[in-house]
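Subject: Structure for you to look at

Hello,

Here is the structure I said I would pass on. My notes on it follow below.

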Amino acid sequence: MSTFTSFFVIFASSTIRQMGNFSFKIISWTIGLSILLGIKANAEYHDDVLGNGYRCNIIHQPDDYDGAVVCAIVKKPTLPNVKRAIIYTHGYNDYFFQSALGDSANAHGYNFYALDLRKYGRSSLPNQDPFFCKKMDEYFADIDTTIAIAKAEGNEQIFLLGHSTGGLCFSLYLNERRENAHVDGLILNSPFLDWNLGKVAESIGIPCLSFMGSMFKKMKAQGASGTVGGYSQSILKEYHGEWDFSKEWVKIYGHPKRAGWIRAIHHGQKKVQKGMKIQQPILLMSSDKSVEATDQWNEAYHRADVILNVDEIQKFGAKLGPKVTPCIIKDGKHDLLLSEKAVRDEVYRTIFQWLAKQ
């Protein structure tokens, strides 16, 4: 399915709303095209690496500065007579592997889509530097495409669920698209709304690196650590966690961060911190505490955010729009959905209770 045809569904539906009674023929044509797009999209799905009924659709996007670009959409078959969907996207150095999330969405009566953003996970290509971007809006085409496919497959209500960098990305997207976003709500799982580096690094170091990133975008600002960090140890089954995932798609020893990427994140976070006007209702979730991670294992890593400052998540998250519902999850990890079972059960209850009110 091409990016153009994906965009068409969104554009046409917006146009129809504006044209009123003169739009009968356009409505008929758009509905027909939507059906055709849904059939075509389904035909392009193949069995996903997760198994268990999950399917994957690789979408070719226009080339960028590194060459070919794709994004990957993962889902289970559309539920009969269900017209509401959740679209999930991941954090930095991450991809969708939490099949329990999609299973839970289906069990609660939602169709489920997960988006591996360009240069992440299933969307990684040999010509690319993993996770790199120059601007956060590079991801907007991937989001537009996923929403268009979800709409073409019969979903009338769309809720976005973003973790960490994905939460920042979805927030920027909704603030930019406003009423044209075709989204009914936003769920944020520990969104990356500020760095967690200390006052000096954040007030001097990050702005300096961001400035350097305007000229030397691929300059290495931070190398890989060479050790498995506390967060990875807390979630990986072979260490102290419960989860298996691809070590090709998640670099457990880290990956070099480029000045251009830091600039993209910095500029996105500044927009959030100045205040946004997202009109959709927002569920803002974070752990109740943060701890500093070291290379030495600490049991506290199981019950805290070791990546971001939870106070800053709540502080800046409150600035996203007028309809923010804050929620503190006791003993949650950075990815709340990877917390210990009793905690993640509470996260799921929180999400679906909030959704039921929308």
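In these notes, Ala, Val, Leu, Ile, Met, Phe, Trp, Tyr, Cys and Pro count as nonpolar, Asp, Glu, Lys and Arg as charged, and the others, Gly among them, as polar. By that scheme, the lining of the largest pocket divides into 23 nonpolar, 17 polar and six charged residues. Please keep in mind that this is a predicted model.

The largest pocket holds about 1,400 Å³ of space. Its lining has 46 residues, and those nearest the centre are Tyr92, Gln222, Lys257, Val306 and Ile307. Two or more lining residues come from each of helix 6 (199-215), strand 8 (220-222), helix 7 (230-235) and helix 8 (259-274). Helix 7 gives the largest share, four residues.

Next, glutamate 312, which sits in helix 9 (residues 310-317). Is glutamate 312 buried or exposed? Glutamate 312 counts as buried because its relative accessible area is 19%, and the cut-off for buried is under 20%. Apart from neighbours within four places in sequence, glutamate 312 is in contact with Asp194, Trp195, Glu202 and Gly317.

Last, helix 10 (residues 341-356). Its 16 residues reach 22 Å from the first C-alpha to the last, close to the 22 Å expected. Buried residues in helix 10 include Val343, Val347, Phe352 and Trp354. The buried residues of this helix pack against several elements, among them helix 3 (99-107), strand 4 (84-89) and strand 11 (324-329).

Regards

Conventions: Residues are numbered from 1 along each chain as its sequence is written. This is a predicted model: local features need pLDDT of at least 70, side-chain atom pairs count only at pLDDT 80 or more; totals for chains, interfaces and linings use all residues. Side-chain values use heavy atoms; hydrogens and water are left out. The expected span of a helix is 1.5 Å times one less than its number of residues. Buried means under 20% relative accessible area, exposed over 50%, partly exposed in between (1.4 Å probe, protein chains only). Contact means heavy atoms within 4.5 Å. On a 1 Å grid over the protein atoms alone, a cavity is a set of points where a 1.4 Å probe fits but cannot get out, and a pocket is an open set with protein on both sides within 12 Å along at least five of seven lines; lining residues have an atom within 4 Å of a point. Grid points are joined across faces, edges and corners, and a volume is the space filled by probe spheres set on the points.
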